Amino acid sequence: MATEPPSSTAPQQDNDEDDLHNKDVDSIERIFESKKLNLTTGIIPSLNVSAGLLGFFFVKTWTKFLDKSGGFGSYLFGMSEVIAKQSNEANSAQNIKNPSLAWMIAFLFIVSFLGLFSVVPLRKIMIIDFKLIYPSGTATAHLINSFHTPQGAKLARKQVRTLGKFFSMSFLWGFFQWFFTGGDDCGFASFPTLGLKAYENKFYFDFSATYVGVGMICPYLINVSLLVGAILSWGIMWPLINEKKGDWYPADLKSSSLHGLQGYRVFIGIAMILGDGLYNFIKVLGYTLFGLYHQFSKDKTKGEPVSGNSSPDLPSLSYDDQRRTRIFLKDQIPNWIAIVGYLTIAVVSVITLPHIFHQLKWYYIAVIYIFAPVFAFCNAYGCGLTDWSLASTYGKLAIFVIGAWAGGSNGGVLAGLAACGVMMNIVSTASDLTQDFKTGYMTLASPRSMFVSQVIGTAMGCIISPCVFWLFYNAFHDLGVPGSQYPAPYGLIFRNMAILGVEGFSTLPDKCLMLCYIFFGFAIFVNGVRDLVGKNRARFIPIPMAMAIPFYIGGYFAIDMCVGSLILFIWSKVNKAKAAAFGPAVASGLICGDGIWTLPSSILALVGVNPPICMKFLSRSTNVKVDSFLAS
């Protein structure tokens, strides 16, 4: 998401290869921070501004892949036995693969570098020839450029001090809360702030500094959409469907069974996500095709090639753009290196991936690698126009196609999830790195040094990210369990998409398919209305994708995020300039401090040190029974 309008010119000094020798001390913070977000709700906000702030002192490009590598909260964890037991469908041994540090690191090393090579030939076409905007990359570049002024440098130092102060406060708050979590449903995170009945329906404020900070970063509309989705699902729909117990579904089912209420929660949410994804896929694809047609028509009229080794007409550019273009083209990476690199890694992947996932046949992988560059180009181009990456949509497409091709009896669920990982790594890298190249273009960074940084960052991410997830996996034994501290909701969602692709609609409870159709159409309809009414009115209409997230996990985190929005809103009314300057720093401090506390808390859990106090909240009648029991 773009967070700032373009407002500055080229920086006063160039970035060069010496940047590679700076130490990025916030890399580990961002890994823990993003991993925690991934395993709690699956929402990862755009952290480009906070990364740019810290990048004034450290290297931003090294951090990029450290929180992008892997799919530990979605498709990878969706393969595990913990998630398979919740679905109760297609949970045979051939459709399960429990996390292991060795195969996760190997898998990421095999698939994560393909996107790097697929994006190199696109770099000049997208940024120099097509002059795509890439709003987030442009906003980050303007933020970094502003630091290279006396006033900007002074402000940046103040922002970093503010970030450090709130980082410390958030870390200490997490430490303080830990003392009261000595049992299930204990601590401030289980405080029934809106009453016990609301708590049962997932409406409460859980005192999470992380999601208050996320709420300060995310746009107001996202936070309100989440709250609307929570009210619609947990406040209205699920209580009504629960009354149909014994009619629409058997009354004796476990709460985790997908043939009961859990099935409605999961599949209706999936229907909304797919409806939103399909609409935006068609929309962005339309923009992409129209843009390409317009670009090729314009170039044909002018008699110019769309791409090539020739330089653009520099005299027609401004001084800043001339300087940017010369530096951007100076250290070009030859296209033959990108092509050979892609083909080499593709061949290695086709040979090795079936040894990690024997359900994923070599010809499935070959087909993915044939189509992936096309999807990568479309995603990178569409992202440059709209700032919207559809990587997860392409991943879901791979789930359905490869899962159905393999079939349920041949491990189609696992094959689909693995194919999703391969596709998402390639396609998301294309858009992410082109965004970064746009930032590098505008900040006069050396493209070659950026590429080297990204290769090193990717390698770091392939090792560190699995290790961090492994720490979570071993420290928190209820990881992925609904209602736990880390429910990893997208693990179950992605697995059930794979089951749906393999087994069809037979797994759905009664009336669920009809409701799925309704909410699938509802998502498309709302998106259409948002586009028709224009931007000014669309900001008052909720976003279906955001509405769908609380359908499965509840509304507690939406309340946290709305509190963050409220803090920023009041702050902006009191002092708009100060809120704009220091809001991202405060939010980043809250997120990073709470996120980094996960490291010592995980280590304490691993060595068997448990919190000494359980602070639990009971109703008056239950408390009387407990007192009577203890007194007897």
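User: Why is Phe207 called partly exposed?

Analyst: The relative accessible area of Phe207 is 22%. With a 1.4 Å probe and protein chains only, buried means under 20%, exposed over 50%, and partly exposed lies in between. At 22%, Phe207 is therefore partly exposed. This is a predicted model, in which local features need pLDDT of at least 70, side-chain atom pairs count only at pLDDT 80 or more, and totals for chains, interfaces and linings use all residues. Residues are numbered from 1 along each chain as its sequence is written, and side-chain values use heavy atoms, leaving out hydrogens and water.

User: Where does Phe207 sit, and what is its phi?

Analyst: Phe207 is in the loop between helix H9 (196–200) and helix H10 (209–217); helices (H or I, at least four residues) and strands (E, at least two) are DSSP runs, numbered from the N terminus. Its phi is near 60°, a positive value in a residue other than glycine. Most residues other than glycine have a negative phi.

User: What makes Lys511 partly exposed, and what is its phi?

Analyst: Lys511 has a relative accessible area of 35%, which makes it partly exposed. Its phi is also positive, about 70°, although Lys511 is not a glycine. Lys511 lies in the loop between helix H19 (489–503) and helix H20 (512–533).

User: Why is H19 described as largely enclosed?

Analyst: Of its 15 residues, 14 are buried, so the rest of the structure largely encloses H19.

User: Why is H13 called oblique to H17?

Analyst: Helix H13 (residues 319–330) and helix H17 (residues 412–442) pack at about 120°, with axes 8 Å apart. That makes H13 oblique to H17, since angles under 35 degrees count as roughly parallel, over 145 as roughly antiparallel, 65 to 115 as roughly perpendicular and the rest as oblique. In this packing, Asp321, Arg324, Thr325 and Phe328 of H13 meet Phe437, Tyr441 and Met442 of H17.

User: What makes Arg123 buried, and what does it touch?

Analyst: Arg123, in helix H6 (residues 114–129), has 2% relative accessibility and therefore counts as buried. Not counting residues up to four places away in sequence, Arg123 touches Ile128, Phe328, Gln332, Ile333, Phe437 and Pro447; contact means heavy atoms within 4.5 Å. A polar atom of the Arg123 side chain lies 3.4 Å from the backbone oxygen of Phe328.

User: Is Ser446 buried or exposed, and how far is it from Phe328?

Analyst: Ser446 counts as buried, at 5% relative accessibility. Ser446 lies in the loop between H17 and helix H18 (447–475). Ser446 and Phe328 are 118 residues apart in sequence and 6.6 Å apart in space, C-alpha to C-alpha.

User: How many helices and strands does the protein chain have, and what share of its residues is buried?

Analyst: The chain has 26 helices and zero strands. Buried residues make up 56% of its 632 residues. Among contacts between residues at least 6 apart in sequence, 82% join residues at least 24 apart.

Conventions:
A polar contact is a pair of N or O atoms within 3.5 Å; within protein, one must be able to donate a hydrogen and the other to accept it, and residues adjacent in sequence count only if both atoms are side-chain atoms. Axes are lines fitted to C-alpha atoms, for helices over the stretch in contact, and angles run from 0 to 180 degrees between N-to-C directions.
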